[in-house]
Amino acid sequence: MKIKHIFFKYCFRYFLGFLIVLLACVPIIVASRGILERKVLESNQFRLQEGVNEVDQNISKMLFIDNIISANTYFSRLVHTEGSLLPNEFLNLAYARDQLSEFGNLYTFSPYFFVLFQDNDCYVSSYQCSEFFADNFYFRFLVAQDLNNTQMDADTFRDQLFGASSSYIRLGSITYYKNGSPHTLEHPLLYLPGYFSGTSLQEQGYRLAFVLDSDTIMRRLLTEDSINYGFIQISDASGNVLLRYGEEVSLLDDANSSSSQLLGEKGAYYLLSYQAEESGWNVVIGYPQSLITDEVSVLMKIIVIYILLGVAIVLILTLFYSYHQYRSVKKLFVAVPEEKKSLAAQARNEYDTLSRVFHEVTQNAYQYKEQAEMLNQQNRAIMLENLIVRGITTQEEREKFETCFPKPLEFFCVVLVKMSFPNDEDYQPVLISIVEYLKANYPNDFVNVHTGLSDELFLLSLNPSDASNVQAIRTMFQTIADVLSEDTGATFHIGISAIGTDIANVNACYNQARQVTQAYINEPKNVIEIYNVDINAVHENVVNPEFLTKLYNLLLSGEKDGIEKLFGRMITYYQKMPIQYEAQKQQIFFSIRNVIFSAGLHLPSGESLENILPKYQVSDTIRTMSNRLLEAAFRVCSLMTSSHADKKGEAKDKILQYMEENYSNVSLSIAHVCRQMNISEKYLQQMIKEKTGETFAASLERIRIAHAAEYLVTTNWSNEKIAEATGFAAVSTFYRVFNKVMGMSPGSYRSSRASMPKSREP
């Protein structure tokens with residue numbers, strides 16, 4: 001068989017396979033077109049429904065506003081006023097305008113609304129009001145055109161509102177003033193909620209009109225593309241057309257009510273419709289099919305690009321995999337001994353050839369099986385030791401680890417056994433005894449790994465029913481240690497990890513077992529302990545950033561009692577956690593020592609911290625180490641307190657000076673002064689009390705009243721100006737505080753000192 005023929009055979013197979021996969025995507029492409037068309041129509045239908053519902057909600061709010069107005073006292077008075085307003089009735093007009101201005105944020109589609117009255121010429125809107133609508137207001141601030149773009153006079157406009165036969169009036173345009181500037185709306189709708197509610201004109205006596213912006217309504221109901229290329233028709237509950245937009249909207253005049261598609265001069269249109277529940281609006285949209293075609297064409301272009309790209313990838317993958325497979329087979333043929341290559345003439349293909357060759361080769365390989373098995377066991381033990389001690393970091397390592405167990409390792413624990421022998425020759429017999437005991441008495445799988453001169457590591461599988469604790473394993477190893485210690489005189493230090501639930505955590509379990517044995521390594525007797533998850537897993541180190549920050553602040557403020565309590569809690573914690581303490585002793589010591597050193601940097605120059613800070617001692621217990629660190633902390637506190645005493649008097653004067661200079665600031669407060677002085681409120685209150693015998697608030701009031709008394713005597717200023725000049729937010733507060741401090745009112749104080757010369761304000 002020629003090797004080059006194999007390459008071309010692989011090329012044909014791979015290309016055919018990839019091509020079939022690529023062609024299988026064609027039905028998906030066809031289905032995608034229909035899905036996209038439906039998606040576009042559903043999106044427009046959903047936008048239409050949301051827009052109509054929003055309009056419906058606004059109509060309901062406008063009806064609600066009309067109900068409020070009809071029950072309002074000021075509007076009722078205006079409704080029952082005939083002819084011109086009396087002088088005492090102008091206030092009703094202003095109150096009515098204020099009432100309307102409060103409703104401006106309740107709705108969306110009406111930028112302007114107003115009220116006209118049947119029996120008088122009053123006009124009220126959310127921005128203006130007038131008692132002479134026809135003679136003075138109309139044409140100046142409000143003007144409307146009919147559908148023929150003919151400007152209406154005031155009487156015609158009033159007659160159209162009060163004589164309306166439906167809830168809606170279509171206009172050609174309307175111009176109104178809002179916030180001092182004119183605004184013009186083209187083709188607006190006037191909505192009259194009074195007509196819709198069924199109240200007769202005689203009973204109502206006024207007409208409330210909301211100006212609806214047609215452009216705003218269309219943009220709520222249509223997408224940008226629909227506005228540019230489609231059409232829309234809006235009708236009320238009676239079938240009256242309220243709004244028509246679009247070049248081919250006339251197609252709806254001859255359309256069948258059941259039609260879902262129309263054909264116009266510019267192409268086909270999909271019809272989308274929705275009817276509001278409250279207002280009865282019926283909205284019909286003509287969405288151009290050309291827009292869907294444009295969106296689909298973009299998709300088809302992308303699909304064509306992907307198909308071409310897919311063909312290129314098929315060719316590349318075909319060549320790559322064919323060459324890769326060809327090179328592998330070629331290497332196998334090259335490795336075949338010369339005397340075996342004659343088998344190729346009898347084979348049907350390259351695989352048959354290699355099968356015949358390997359069959360003859362493996363017949364002579366049975367003699368190496370036992371040696372290969374021994375080598376495999378050694379490699380497995382080395383691999384397990386490496387993965388348990390170092391940790392499992394990749395998926396490949398995880399898969400190799402799992403192959404060492406006949407079934408998945410769902411629950412497990414790690415046991416680290418440290419053994420000390422009077423006679424080193426007893427090590428191997430003892431280890432064999434432990435392994436044989438586990439084989440005979442432990443019902444689940446386990447592996448044994450040698451990790452040091454006298455350390456043995458056991459990884460034990462657990463059943464789900466046994467996965468609540470490892471007390472049974474502790475009892476088993478306790479029995480092993482008692483028996484073997486009595487027979488050989490060996491000492492066992494055995495650490496048992498918590499239960500592991502994922503082999504990725506096997507290294508964490510190993511470290512737990514190692515921490516347990518490390519904590520009791522100096523014990524001269526057998527120790528078999530379990531890693532306590534409830535205690536150790538909650539806090540890795542009680543000396544955390546929060547502890548260190550609190551200690552630093554206590555050192556700076558010289559609070560020895562707080563420091564002593566902080567150290568007391570740490571001692572209590574680590575006395576209950578000897579394993580945690582031994583594992584983190586050095587970290588604990590230097591973390592606290594560095595905080596004491598950092599606080600000591602704030603001491604005056606000349607103080608030697610080297611004479612204060614203790615040295616690290618490996619043999620220290622938690623209490624001994626804490627006492628040495630606590631003594632150093634107390635030394636720093638004492639020096640810090642002496643330094644604070646020198647600066648305290650200066651700080652008191654500085655605070656009072658700042659209050660004296662800024663008493664006129666109405667926002668002056670204890671928080672403001674604390675920020676300026678960079679001290680706490682508690683400390684500032686303490687210094688003010690020591691200096692004046694008063695609180696901060698009382699001292700500030702005394703300073704302000706002293707200056708106020710001076711102004712009362714030396715100026716002609718009013719009490720309001722004096723209150724403002726001395727930092728009082730209100731005159732009433734000034735009166736109350738002045739009377740409390742001086743025992744009399746400001747006026748009485750000024751009268752009692754009237755003979756003194758005064759300056760006049762400019």
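This report walks through a predicted model of one protein chain, from its overall make-up to a few local details.

## The big picture

Let's start with the whole chain. It has 762 residues, and 41% of them count as buried. Its secondary structure comes to 28 helices and 19 strands.

How do contacts link up along the sequence? If you take the contacts between residues at least 6 apart in sequence, 64% of them join residues at least 24 apart.

## Two helix pairs

A quick bit of background: when two helices pack, you describe the pair by the angle between their axes and the distance between those axes.

Look at helix H2 (residues 26-70) and helix H9 (residues 214-221) to begin with. Their axes come within 7 Å and cross at roughly 140 degrees, which makes H2 oblique to H9. On the H2 side, the contact uses Arg 47, Leu 48, Gly 51, Val 52 and Glu 54, while H9 brings Arg 219, Arg 220 and Leu 221.

Now jump to helix H24 (residues 681-692) and helix H25 (residues 696-714). Here the axes come within 9 Å, crossing at roughly 55 degrees, so H24 is oblique to H25. Leu 684, Gln 685, Ile 688 and Thr 692 of H24 meet Phe 696, Ser 699 and Arg 702 of H25.

## A buried arginine

Next, find Arg 207, which sits in strand S9 (residues 206-212). Arg 207 is buried yet has no salt bridge. The nearest side chain of opposite charge belongs to Asp 66, and that is 7.3 Å away.

What does the side chain of Arg 207 reach at 3.2 Å? It reaches the backbone oxygen of Leu 161.

Notes
Residues numbered from 1 in each chain as written. Predicted model: local features only at pLDDT ≥ 70, side-chain atom pairs only at ≥ 80, totals over all residues. Heavy atoms only, no water. Helix = DSSP H or I, 4+ residues; strand = E, 2+ residues; numbered from the N terminus. Buried < 20%, exposed > 50% of the residue type's maximum accessible area, 1.4 Å probe, protein only. Lys, Arg positive; Asp, Glu negative; His and termini not counted. Salt bridge = Lys/Arg side-chain N within 4 Å of Asp/Glu carboxyl O. Polar contact = N/O pair within 3.5 Å; in protein donor to acceptor, adjacent residues only side chain to side chain. Axes fitted to C-alpha atoms, helices over the stretch in contact; angles between N-to-C directions. Parallel < 35°, antiparallel > 145°, perpendicular 65-115°, else oblique. Contact = heavy atoms within 4.5 Å.
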